[in-house]
Amino acid sequence: MPFVRRSLFTYFLVVLLGSWLGAALLSGCGSDKPGQTAGTTAPAAGVSGPQPLLDSAYVARSLGAVPQFRAELPWAKKFYRERQYRLGWFKDHQLVPQATQLLQTIAKAGAEGLDPRKYQVKDLAKLFSALKVAPDEAHRDALEQEIDVALSGTYFVWASDFYRGVANPHDAKNTAWQVKPNKIKLHKALLTYLGDRKSKYGYYQFAPLHPEYNNLKKALAAYRTREAAGGWPALPAGLALRPGQSSPAVSALRQRLLGAPADTAAHASPVYDKALMNAVKAFQNDAGLRPDGVVSGATLRELNVPIGQRIDQVLLNMERWRWLPKKFEPDYLLVNIPEYRLRVVENGQEALTMRVIVGKTLTATPIFSDKMEYVVLAPYWNVPFSIIDKELKNKLAANPGYLDRLNMEVVKGYGRKAIVIDPATIDWANVTQDNFKYTVRRRPGPQNDLGNAKFIFPNSNDVYLHDTPHGELFSQVSRNFSHGCVRVEEPIKLAAYLLRDKPEWDEQTILDTVATHREKYITLTKKLPVYLVYLTAWADADGHAHFRDDIYGHDKALARELLDKPAEAAPARVATRPQLAKTAALAVSPKRD
């Protein structure tokens, strides 16, 4: 069984830590004796003299000698330098209460999807016992120094995983994830935890940085509880069940969705009734499926995903929340790619949401962050050279006027300085990417590939948000149809929201501008942070989980690194694209549309 579900190990670890701390930290909690701090232990009789100091050489030598601590040496150096090399975990020769809290937190690391064993680097029980019976001041001081550095190293190993992630989101194994990193400074976090500085973040109580992470943590606990109780039954392969029908599988379906014991009279009926239908529809909504109440196909596959696999999926997405910046801006736009949904957050509250279309597997929408700067109404679409080379140049060599049939033109230069060129003056038969110094673009209009608006956040991926002339595609459940860019369901509504601080750009003015078929760039007053993320599981505040398909295989890749095993993703749904009755004359799409 994976480490993250070894509850017995965690139980015995807590017991062991209790015995360590009972021996090492004589209880002083709540004491009102003069000179004592609540939660610390009073100095033992005969303990006197100044607290020992450290130096940079000692810190480097002590942490460098332990492989697990070696990577944390830069944080430790900064931490002790800011303290002028005073010990961090001792006061008046007694361990501070935060030492107890740290070890208790580590013992419960499994609840965070972390492995408690990873943080048991030094035999602290042995060191605590030795300190208790230190024969003289020199031995005592040496042990205090060793324990202090060991506790700091332990903190940094744990905090690095908890606050920044176990896997490195920007190494060669995770190249797809290019969202700006969590830049938490762990030495500052430890200073906050030990009371040496204040911060708006909950470092002092080991609080998660994002409520969404905490929601997933609740879901993890609930799924583990159900797993311990036996999980859920598998439904028969090939099942096709509609409301009102009878089937022996109904009992198992009730147990799966309602947790109802199969042998109770209240749930023994084989009839697929209304209450169960409502539960099925709720499950379909949670899984991003069409809520039709029919148990077959994709719904059956999702119902039969094993509970252990769902637990792993929660763990992978908890890890991704550790990768995200420690705090989002008050206002931002977020696209969750597997969910096919865009959300605009204003002052921490959702102000706008809509469906989106994202990239196909072979032209996946990249995962990154940037800042939106422009709204473009009635945009041109610049045709990639690959399409010119493969689809256009031979036809244009025979008939340069073919461009007009596609509502396209050739220009020299860019933006307002672009000059329209007669396509008949170009030797199309001999055009190459090196010698073609022009741009072929489709004019604004109803069939323009970018629709009525696009939203630009300049980036090296050449990705942006935009409208589409094929709005019927938003009715599909799986919406990975594009060549990388993100198509939005309600572009005019989004444009009006983004321009809300410009009274001259109300919705009617936006529509009137689009109707002119003349491209118009509008600069946002304030750049809006944009996050394109990849989350296949999330939960409500009560821990109620939602799941989506791993459409690009990123879960599988992360599972190999984080869980040391391949992820057994749920069978992918087959996206069916309807026939488009009125497709534009050129049935091609840009590299990034």
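Me: In which sense do S9 and strand S10 pair, and over how many bridges?

Reply: In this predicted model, S9 and S10 (residues 419-421) pair in the antiparallel sense over three bridges, and Val410 stands opposite Ile421 in S10. The hairpin that S9 and S10 form has six residues between the strands, and in it Gly413 takes a positive phi near 90 degrees.

Me: Which residue stands opposite Val411 in S11?

Reply: Val411 stands opposite Thr439, for S9 also pairs with strand S11 (residues 439-442), in the antiparallel sense and over four bridges. In a regular strand, the side chains alternate between the two faces of the sheet.

Me: Which residues touch the most other members of the largest nonpolar core?

Reply: They are Trp89, Tyr155, Leu465 and Leu494, in a core of 145 residues, to which helix H7 (residues 137-164) gives the most, with 12 residues. A second, separate core has 17 residues, among them Leu239 and Val280.

Me: How should I read Arg256, and what is the nearest side chain of opposite charge?

Reply: A salt bridge needs the charged atoms within 4 Å; Arg256, found in helix H10 (residues 250-258), is buried yet has no salt bridge, and the nearest side chain of opposite charge, Glu302, is 7.6 Å away. A polar atom of the Arg256 side chain does, however, lie 3.0 Å from the backbone oxygen of Leu303.

Methods. Residues numbered from 1 in each chain as written. Predicted model: local features only at pLDDT ≥ 70, side-chain atom pairs only at ≥ 80, totals over all residues. Heavy atoms only, no water. Core = buried A, V, L, I, M, F, W, Y, C linked by side-chain atoms within 4.5 Å. Buried < 20%, exposed > 50% of the residue type's maximum accessible area, 1.4 Å probe, protein only. Helix = DSSP H or I, 4+ residues; strand = E, 2+ residues; numbered from the N terminus. Pairing = 2+ DSSP bridges. Lys, Arg positive; Asp, Glu negative; His and termini not counted. Polar contact = N/O pair within 3.5 Å; in protein donor to acceptor, adjacent residues only side chain to side chain.
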